[in-house]
Amino acid sequence: MRVRRTLRPGTAWAAAAALIVAPLVVAPIVSAAEPGSEEASSSAPAAAALSAPAADQAPAEDAAPASSEAPAPAAQEDESSEQPASASVAAPSSQAPASQEAALSSRAAPSSAAPKAKSLTSAPAAQTLESSSSDAGISLLAASKDGGLTATAISVRSSATMDDGVGLAGVTLALRTSSSASFAGTVTTISTCVTASNGSCTLTIPASNFKTSGSWNGANYVKVVATSAPAGYSLVEEINATPNNISWNGTTGAGYGQLVRTSKLRAGTTVLLQNSLYNSESDASTGRIAVVKSNPASSQQCGIKLGLLLDRSGSIGSDGMDDLKLAADAMIDGLTGTPSQVGVWSFAKDAAENKTLTSVATATSAATVKSSYANFNANGGTNWDAGLWKVKTSASTPDVLIVISDGEPTYSLGPSGSGLTSQYGQGLLERAIWSANAVKNQGTKIITIGVGSNVKPGNLKLVSSSSDHYSVGSYSALKTALRELALAPCEGTVNVIKRVTTTGTTTEAASSAGVGFTFTKDGSTSKVTGETGGVSFPVNAAGTVKITESSTVGQQGYDIVPQKQSADGKYVPALCTSLSKAGVKSNVLVSAVSGDAYSFTVPADTVSTLTCTVYNKPKPKEASLTINHAWVDENNASLTDAQVAEVLNAPVNGAPSLKVNSGSVWANAPAYDDSVTTTTSGGSTKLVEGDGVTVAVRTAPGSVKSGYTCSSSLVSVTKGSSTNPTSLTSTLVAGNNAFTITHKLTCTTQLTLKKVVQAGPGDTTPASAWTLRSNGTAFTQGTAKAVTPGAGNVLTETGGPTAVPNKAWEQTNLVCDVAGTLNGTTVKVPRGKSVTCTFTNSSLQIEVSKRAWLGNTIPGSLSGDLPSGSAVADGSGISWLFTVKNTGFLDYRVSGISDNYVTTPITCAQSLTGTFKPFSSLTQSERTIANGSSLYCKATGTLAF
């Protein structure tokens with residue numbers, strides 16, 4: 001007989017084993033513009049213009065050196081007339097006289113009286129400038145045609161290139177002649193013009209002034225002079241140039257101007273005044289007219305920006321240079337302690353590097369200025385032009401520039417800003433005037449001081465003015481002059497120098513200039529400190545002066561640092577010194593004002609320079625602090641208070657402790673996360689930056705709850721990057737200061753997995769036949785393993801005794817010893833807990849018995865059955881009783897019953913007294929055999945052999 005059984009729904013089998021009790025069998029059923037030719041061609045006309053001047057341009061001979069002055073014969077001129085126009089150097093066509101065009105056209109007509117002139121019809125309109133009185137054609141033309149001379153007046157230098165300048169409008173120019181080289185005799189004015197916006201105008205030369213032979217109308221010298229200048233400018237009174245002793249005196253002669261070679265002038269031609277038209281190359285000027293820009297008015301108040309431009313040329317010598325440095329020192333000493341700034345520039349053949357203006361409000365800053373020229377040596381030539389232009393192009397612009405020199409300029413800026421040799425005597429001075437004008441143009445007043453007898457009278461004052469030029473006999477005498485210049489604006493002043501110190505230390509090294517502080521003198525006049533940190537008040541009459549630092553502007557956020565006065569040992573708001581007119585410095589007694597920490601009085605007079613230094617330090621700013629609390633676990637992962645509260649009794653965070661400025665620990669320390677603003681609990685004294693505080697723990701967190709394997713410990717007290725294991729002392733900064741007290745909660749959180757095996761008698765299947773896992777990781781049965789608190793651990797098992805014959809197993813139970821931790825097959829272990837989960841596996845065991853009786857009825861008493869081996873006749877009727885008993889630990893359901901010897905239907909019931917039905921008619925419940933129960937089946941048949 002075969003018995004097939006099916007597992008209960010929801011059970012899991014690693015394998016199904018068939019249990020065979022011959023002849024019965026139980027069978028389990030589990031259940032992107034590119035350059036073009038147009039652009040290139042756009043530059044072509046310019047190139048052509050350079051090689052082909054306009055008809056009224058002057059030829060290249062204007063630029064020829066003096067050696068080319070000899071007149072050319074007529075035949076040569078005819079040949080030169082065929083030369084390409086590119087040989088000409090042109091004067092601008094706009095400067096030619098209006099009559100020139102008609103004159104040029106008449107020259108192209110044939111003339112029977114002057115056949116050689118006919119050759120000029122093919123000559124370029126711009127004629128050569130060579131004098132050729134032997135040429136009858138030129139003489140006839142000269143007799144009927146005016147010429148011209150274009151001249152330019154320059155206002156300021158525009159770049160370092162030699163003669164780059166900006167033209168000046170409104171200058172009246174005159175063309176004069178004289179038979180005397182010094183123009184001391186009779187002087188004739190030929191014509192005048194007034195310069196236009198470009199600084200140029202054209203002086204007409206009447207044709208009647210040209211003669212067929214000899215010099216110009218009997219005059220041997222021609223000159224262009226300036227006769228008037230526009231507002232803001234004045235005429236050059238005289239220039240005394242070293243080469244060839246050139247000297248033009250405006251009061252006795254024709255005035256300063258530009259000499260012109262008579263051989264370079266001719267009828268019918270307008271030429272451009274330039275240095276090649278000058279009398280001698282060794283004396284050549286720039287070919288431009290210089291005028292002197294008026295000095296701007298400078299403030300006479302104490303505290304100016306002062307520049308020194310020092311001559312360090314070789315003529316000074318080492319002794320003179322030492323005296324010059326001492327003189328500069330004396331000037332700076334006179335300004336020390338005032339709101340002044342000083343910058344020192346220098347020149348020799350070239351100018352020194354750019355300098356910057358530096359405050360001399362303190363002795364330290366004044367020493368910095370002195371060090372800037374301490375290494376000066378006397379060497380090389382003299383270049384006023386370069387020195388002045390260096391000041392012009394510096395980042396710092398002085399209010400007043402004092403220029404000191406002992407000789408005439410022998411160099412100036414060259415074609416590209418380099419030094420130029422001294423052969424152009426007058427030009428050196430003209431260029432220096434242009435650079436000086438450029439310095440004045442940016443608001444700087446220039447004062448010049450000539451030292452010794454080597455400076456020509458009047459030359460140095462051309463870079464300043466007649467009223468701003470001084471002379472001293474030697475560099476040693478310069479010391480007094482400079483000190484007087486420095487002290488003059490500061491005589492009879494009270495100068496307040498503000499210094500700010502963050503530490504309260506009243507030294508220059510520990511402080512900086514206080515900018516933006518307001519001081520008031522005698523309750524009426526107020527001034528705000530500038531970049532030097534100083535202000536200056538004039539003293540109108542001798543007496544006591546009261547100085548007050550404003551309580552609403554500069555003083556906000558600052559406290560005055562009192563200083564101890566050596567004379568009386570008192571602490572006062574300022575210390576003051578007085579510098580006499582003779583340069584003697586002395587201390588002055590200061591008096592504090594009762595009830596006013598921001599005022600003081602001091603005696604002052606109208607001749608001394610009084611300096612008072614006031615130190616301030618920032619007021620401590622209000623501060624606050626917050627003590628935060630943090631928890632971490634044994635792995636330093638953050639914990640919330642709620643997570644900690646599962647383990648610890650209240651209070652979870654304990655209580656913080658705070659100590660301010662070495663005071664007692666607060667008995668009533670603030671709660672965590674509260675902002676603290678006062679120095680005592682419940683007090684009114686504000687916390688300020690600089691207060692020292694100590695943060696610690698006064699009360700530790702609560703104890704560990706019963707049943708938890710945990711401990712708590714203090715990790716650190718932290719503020720920013722500062723940390724300490726137990727307590728932290730720190731200095732407060734302005735604003736909020738956050739401290740954090742960190743505790744660690746160390747817990748043992750473990751999971752243990754066990755296996756229980758339910759087997760029948762004699763079954764020795766071990767628990768180790770199964771592998772138990774959490775989240776896929778194998779556990780050693782019975783051994784605790786650390787797990788993450790509160791994390792889900794999915795429990796599974798694998799393996800089992802699949803190799804045991806005639807055995808089948810099922811997991812019959814999974815339980816954990818801590819209530820509420822298991823949900824289905826997932827267990828969550830609480831922090832600090834140890835949980836043991838047990839898998840129970842049970843074996844499937846059945847017993848099948850078969851009894852037989854002769855006849856077709858089974859006795860109710862089940863007696864008289866045929867024992868095994870009984871003799872039975874062939875063809876006997878037999879009744880069978882099949883008993884399937886569940887002797888294992890699992891319910892099972894029989895899926896089918898058959899017997900090879902039974903051909904009649906088999907009926908079954910769960911009890912001998914029950915209703916036997918065909919097996920196919922049994923319900924699932926009727927087919928299911930509970931543990932310890934049996935299923936009974938009957939059948940009848942005939943035994944045949």
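Q: In which sense do strand β57 (residues 876-886) and strand β62 (residues 934-943) pair?
A: The model is a predicted one. In it, 10 bridges link β57 and β62. T883 stands opposite Y936 of β62. The sense of the pairing is antiparallel.

Q: Which residue in β62 is the bridge partner of A909?
A: Strand β59 (residues 907-909) also pairs with β62. That pairing is antiparallel and has 3 bridges. In β62, the partner of A909 is Y936.

Q: How many residues of strand β24 (residues 493-500) are buried?
A: T493, N495, I497 and R499 point one way from β24, and they are buried. V494, V496, K498 and V500 point the other way, and they are buried too. In a regular strand, side chains alternate between the two faces of the sheet. β24 is mostly covered, and its buried count is 8 of 8.

Q: Which residue in β28 is the bridge partner of V494?
A: β24 is joined to strand β28 (residues 534-538) by 5 bridges. These two strands run antiparallel. The partner of V494 in β28 is F537.

Q: Which residue in β25 stands opposite R499?
A: Strand β25 (residues 512-513) pairs with β24 over 2 bridges. The sense is antiparallel. R499 of β24 is buried. Its opposite residue in β25 is A513.

Q: Are helix α6 and helix α10 roughly parallel or roughly antiparallel to each other?
A: Helix α6 (residues 317-335) packs with helix α10 (residues 475-487) at about 15 degrees. Their axes lie 8 Å apart. Angles under 35 degrees count as roughly parallel. Therefore α6 and α10 are roughly parallel.

Q: How many residues of the contact of α6 with α10 are nonpolar?
A: On the α6 side, the contact includes L324, L326, A327 and M331. On the α10 side, it includes L478, L482, A486 and L487. The contact also holds 3 polar and 3 charged residues. The nonpolar count is 12.

Q: What is the hand of the crossing where α6 passes α10?
A: The two helices meet through residues including G320 of α6 and Y475 of α10. Their axes make an angle of about 15 degrees. The crossing is right-handed.

Q: Is T544 buried or exposed?
A: T544 lies in strand β29 (residues 543-549). Its relative accessibility is 58%. The cut-off for exposed is over 50%. So T544 counts as exposed.

Q: What distance separates the C-alpha atoms of T544 and D605?
A: T544 touches D522, T601, V602 and P603, leaving out residues up to four places away in sequence. T544 and D605 are 61 residues apart along the chain. Their C-alpha atoms are separated by 8.7 Å.

Q: Which residue in β13 is the bridge partner of V222?
A: Strand β9 (residues 221-228) runs antiparallel to β13. The two are joined by 4 bridges. V222 has as its bridge partner in β13 V260.

Key:
Residues numbered from 1 in each chain as written. Predicted model: local features only at pLDDT ≥ 70, side-chain atom pairs only at ≥ 80, totals over all residues. Heavy atoms only, no water. Pairing = 2+ DSSP bridges. Axes fitted to C-alpha atoms, helices over the stretch in contact; angles between N-to-C directions. Parallel < 35°, antiparallel > 145°, perpendicular 65-115°, else oblique. Left-handed = near helix turned anticlockwise from the far one by under 90°. Contact = heavy atoms within 4.5 Å. Nonpolar A, V, L, I, M, F, W, Y, C, P; charged D, E, K, R; others polar. Buried < 20%, exposed > 50% of the residue type's maximum accessible area, 1.4 Å probe, protein only.
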